[in-house]
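Welcome, and take a moment to get your bearings. The paragraphs below will walk you through the model step by step.

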Amino acid sequence: MAPDERRAVILLAAAAMFQERGFAASSIDAIAAAAGISGPAIYRYFARKTELLVALLEGATRTAMVEVADAVARTGEGERLAAMADALARHAQREGAVIGLLQSTVAEMEPADRARLDEIRSRLVAELAGLLLAERSDLDTVEAHIHVEAALGVIGQLARRPQPQHSERFRRLLLAILEA
C-alpha cells in the first residue's frame, strides 16, 4: 500500500476509534491494530496521538471550506448566507465527533500541535470571513471575523452535544449569527 493510502487508512481508524472510545481511551497501538499495521509502524506516519487529531482536523477544515465555497458559488445573490449556514451545519453534523474532540483535548496537546491548530483555525476563520464579507458589505474585516468566530463557537459546542432532531434549529442559529 502506498504511504498516502496507508496514512488515510490510519486516519480513518483513528477517527472511528476516537468517536467510539473517546480520545483519552484510544491508544496509538490500538489505532495501529485497527488500521492493520503494527504499533511501531504507525510512528512512521504520526509521532503521537495528538498528531492524528491535528491531521483529522486539517482534513475536516479543508473539506468544510470546499463545501462552503461550493455552496456559495452555486447559490444566487441574497441566498448565499443561507447556503453558508447550511453547508456549515451539514459539515458539523458529519464531523461533529472530530470537532468535539478538539474542544476537549486542546489542553493536553503539545505546544507545536496547539500552534498548528491555531494556524488551521486562523486560516478557516480568514477564508470564511472573506466569504462573509463578499455578502455583507456592511461589515468590516474585524466584524466578519467576530461573526465567524461566533459561528464556530456554536458549532464546537453543538458538536459536543449532538442532537440530530434539532438540525434545522442549528442551521437557523448559524444563519442568524451570519446575518446579525
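Ile-28 is buried, with a relative accessible area of 11%; buried means under 20% relative accessible area, exposed means over 50%, and partly exposed is what lies in between, using a 1.4 Å probe and protein chains only. Ile-28 sits in helix α2, which covers residues 28–35. Helices here are DSSP runs of H or I with at least four residues, strands are runs of E with at least two, and both are numbered from the N terminus. Leaving out residues up to four places away in sequence, Ile-28 touches Ile-42, Tyr-43, Phe-46, Arg-48, Lys-49 and Leu-52, where contact means heavy atoms within 4.5 Å. Take Ile-42 from that list: Ile-28 and Ile-42 are 14 residues apart along the chain, and their C-alpha atoms are separated by 7.8 Å.

A word on how to read all this: the model is predicted, with local features needing pLDDT of at least 70 and side-chain atom pairs counting only at pLDDT 80 or more, while totals for chains, interfaces and linings use all residues. Residues are numbered from 1 along each chain as its sequence is written, and side-chain values use heavy atoms, with hydrogens and water left out.

The charged end of Lys-49 sits over the ring of Phe-23, 4.4 Å from the ring's centre; the rule asks for NZ of Lys or CZ of Arg within 6 Å of the ring centre and within 35 degrees of the ring normal. Phe-23 also pairs with Phe-18, at 5.1 Å centre to centre and with 55 degrees between the planes, which makes the pair tilted. For such a pair, the ring centres of Phe, Tyr or Trp (its six-membered ring) must lie within 6.5 Å; planes under 30 degrees apart count as stacked, over 60 as edge-to-face, and the rest as tilted. By this rule the count comes to one aromatic pair. Are its two members buried or exposed? Phe-18 counts as buried because its relative accessibility is 2%, and Phe-23 is buried too, at 6%.

Now for the interior. A nonpolar core is a set of buried Ala, Val, Leu, Ile, Met, Phe, Trp, Tyr and Cys residues joined through side-chain atoms within 4.5 Å. In the largest one, which has 31 residues, Val-68, Met-84, Leu-128, Ile-155 and Leu-174 touch the most other members. At least two residues of this core come from each of α4 (49–73), α5 (80–94), α7 (111–135), α8 (141–160) and α9 (167–179). The helix that gives the most is α5, with eight residues. Apart from this core lies another, of 26 residues, including Ala-13, Phe-23, Ala-30 and Ala-55.

Among the buried residues of α5 are Met-84, Leu-88, Ala-89 and Ala-92. Ala-89, with 4% relative accessibility, touches Phe-170, Arg-171 and Leu-174, not counting residues up to four places away in sequence. With neighbours left out in that way, Ile-155 touches Leu-88, Ala-92, Ile-99, Phe-170 and Leu-174.

That brings us to α9. Which of its residues are buried? They are Phe-170, Arg-171, Leu-174, Leu-175, Ile-177 and Leu-178. These residues cover an arc of only 160 degrees around the axis, so they lie on the same side of α9; the arc is that of the directions from the helix axis to the C-beta atoms. The end C-alpha atoms of α9 are 18 Å apart, which agrees with the 18 Å that its 13 residues should span at 1.5 Å a residue.

His-145 is in helix α8 and counts as partly exposed because its relative accessibility is 27%. Beyond four places in sequence, His-145 is in contact with Val-125, Ala-126 and Ala-129. His-166 is found in the loop between α8 and α9 and is partly exposed, with a relative accessible area of 26%.

Key: Expected span 1.5 Å × (residues − 1).
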